Amino acid sequence: MTSRWIFGLVFLVCAGLLAVAFYMEHVMGLEPCPLCWLQRFGFMGAGLVSLLAFLHGPSGFGNRVYGLLLIVAAGAGLAVAGRQLWLQSLPADQVPACGPSVDYMLEVLPWFEVLQTALKGTGDCAEVVWRFLGLSIPGWTAVFFSLLIVLGLFVMLRRYSPRDWLQS
């Protein structure tokens, strides 16, 4: 399997995960918390990098660059998912207070303050509203971000022939 098709597969996985997130929001009625929004942006970033890599079809050094960008996007998403999992593990008396919705914050606060508030997380982020096979939503996103990091490492570290380096 070529790196191009790996990136195409990663794009489809990211698009599918975003579709599931929007299904959970609009059909199941689950309101995303600020950290959930940031995890969506992580999948959007990983998907965009993968789509660009698929369309570009790089070889050699180009694969390493796209692999690194995929790792960065997925790593940022994994960090956010880890923060939410940590908030969900806190005892009830240590959970931060619930905050306003992301839509409201975007209307009244500067963008940088919205990002700071979102990264801190709120009581909404600590609430577990859905589980599948024992994992909450951020647990599953952490699994998928970890898989994306592994795929990015695979693309970066696989051996390429010297001819591939000259073509990129």
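Residues are numbered from 1 along each chain as its sequence is written. Because the model is predicted, local features need pLDDT of at least 70 and side-chain atom pairs count only at pLDDT 80 or more, whereas totals for chains, interfaces and linings use all residues, and side-chain values use heavy atoms, with hydrogens and water left out.

**View 1. Overview of the protein chain, with its 8 helices and 2 strands.** Helices (H or I, at least four residues) and strands (E, at least two) are DSSP runs, numbered from the N terminus, and along the sequence they follow the pattern α-α-α-α-α-α-β-β-α-α. Of the 168 residues in the protein chain, 39% are buried, where buried means under 20% relative accessible area, exposed over 50% and partly exposed in between (1.4 Å probe, protein chains only). Among contacts (heavy atoms within 4.5 Å) between residues at least 6 apart in sequence, 84% join residues at least 24 apart. The accessible surface, from the Shrake-Rupley method with a 1.4 Å probe and, for residues, with only the protein chains shown counting as cover, comes to about 9600 Å², and 70% of this belongs to carbon and sulfur atoms.

View 2. A46 is buried, with a relative accessible area of 0%. Not counting residues up to four places away in sequence, A46 touches V10, C14, L70, A73 and L148. F7 stands 39 residues from A46 in sequence, and the C-alpha atoms of A46 and F7 are 9.6 Å apart in space.

View 3. T141 is buried, with a relative accessible area of 12%, and its contacts, leaving aside neighbours within four places in sequence, are with Q39, F43 and A81. The side chain of T141 also reaches the backbone oxygen of P138, at 2.9 Å.

**View 4. Nonpolar surface patch formed by M1, W5, L9 and V13.** Together these four residues have about 440 Å² of accessible area. Patches are made of residues with over 30% relative accessible area and no salt bridge, with like charges joined within 9 Å and nonpolar side chains (Val, Leu, Ile, Met, Phe, Trp, Tyr) within 5 Å; a salt bridge is a side-chain nitrogen of Lys or Arg within 4 Å of a carboxyl oxygen of Asp or Glu. M1 is found in the segment before α1 (3-26) and is exposed, with a relative accessible area of 69%.

Methods
A polar contact is a pair of N or O atoms within 3.5 Å; within protein, one must be able to donate a hydrogen and the other to accept it, and residues adjacent in sequence count only if both atoms are side-chain atoms.
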